[in-house]
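The following exercises are to be worked with the sequence and the three-dimensional model at hand. Each task is followed by a solution in steps.

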Amino acid sequence: SGVRREIATITKMVPEISSTFFIIFVITLFYAWFGVLMFEGTEEGLLSFSTLSEAMWSLYLLALCANYPDVMMPILNENRATIVFFVSFVI
């Protein structure tokens, strides 16, 4: 049946795309860790980069472009050099 064929196709695809998801996770984890260290002690750091999990969530939102101004703009207003951090992550 059609549903079984679709499930079989999805089951075959999972191992092939899992390495891509793993690489994206590792890159996000690195940027989150670096963001926690870089923005430590700042007001914006307390809002978006206070913990590793909070930083990962903020970068996830930034990557989706859903609420990127909420994550990026307060930090950019304080220090324009942080644009390198955010642009390199999005690219």
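Thr82 is buried, with a relative accessible area of 6%; buried means under 20% relative accessible area, exposed over 50% and partly exposed in between, with a 1.4 Å probe and protein chains only. The model is a predicted one, in which local features need pLDDT of at least 70 and side-chain atom pairs count only at pLDDT 80 or more, while totals for chains, interfaces and linings use all residues. Residues are numbered from 1 along each chain as its sequence is written, and side-chain values use heavy atoms, with hydrogens and water left out.

**Exercise 1.** Locate Thr82 and state which residues it is in contact with, leaving aside neighbours within four places in sequence.

*Solution.* Step 1: Thr82 is placed in the loop between helix 4 and helix 5; helices are DSSP runs of H or I with at least four residues, numbered from the N terminus. Step 2: with contact taken as heavy atoms within 4.5 Å, the partners of Thr82 are Phe39, Ile75 and Leu76.

**Exercise 2.** Determine which residues of helix 4 are buried and how they are arranged around the axis.

*Solution.* Step 1: Val71, Met72, Ile75 and Leu76 of helix 4 are buried. Step 2: these residues cover an arc of only 105° around the axis, which puts them on the same side of helix 4; the arc is that of the directions from the helix axis to the C-beta atoms. Step 3: exposed residues on the other side of helix 4 are Asp70, Asn77 and Glu78. Step 4: the cover over the buried residues of helix 4 includes helix 2 (43-48), helix 3 and helix 5. Step 5: Ser58, a residue of helix 3, is buried at 3% relative accessible area.

**Exercise 3.** Carry out the analysis of buried residues for helix 5.

*Solution.* Step 1: Phe85, Phe86 and Phe89 are the buried residues of helix 5. Step 2: seen down the axis, they fall within an arc of 90°, so they line one face of helix 5. Step 3: the general rule is that an α-helix has 3.6 residues a turn, so residues three or four places apart point the same way. Step 4: helix 1, helix 3 and helix 4 are included in what covers the buried residues of helix 5.

**Exercise 4.** Are helix 1 and helix 5 roughly parallel or roughly antiparallel?

*Solution.* Step 1: the two axes come within 11 Å and cross at roughly 170°; axes are lines fitted to C-alpha atoms, for helices over the stretch in contact, and angles run from 0 to 180 degrees between N-to-C directions. Step 2: helix 1 and helix 5 are therefore roughly antiparallel, a term for angles over 145 degrees. Step 3: helix 1 contributes Thr28, Tyr31, Phe34, Gly35 and Met38 to the contact, and helix 5 contributes Phe85, Ser88 and Phe89.

**Exercise 5.** Which residues have the most contacts inside the largest nonpolar core?

*Solution.* Step 1: a nonpolar core is a set of buried Ala, Val, Leu, Ile, Met, Phe, Trp, Tyr and Cys residues joined through side-chain atoms within 4.5 Å. Step 2: the largest such core has 16 residues, and Phe39, Phe49, Leu59, Leu62, Phe85 and Phe86 have the most contacts inside it. Step 3: at least two residues of this core come from each of helix 1 (2-38), helix 3 (52-64), helix 4 (68-78) and helix 5 (83-90). Step 4: not counting residues up to four places away in sequence, Leu59 touches Thr28, Tyr31, Ala32, Phe49, Phe85 and Phe89.

Methods: Angles under 35 degrees count as roughly parallel, over 145 as roughly antiparallel, 65 to 115 as roughly perpendicular and the rest as oblique.
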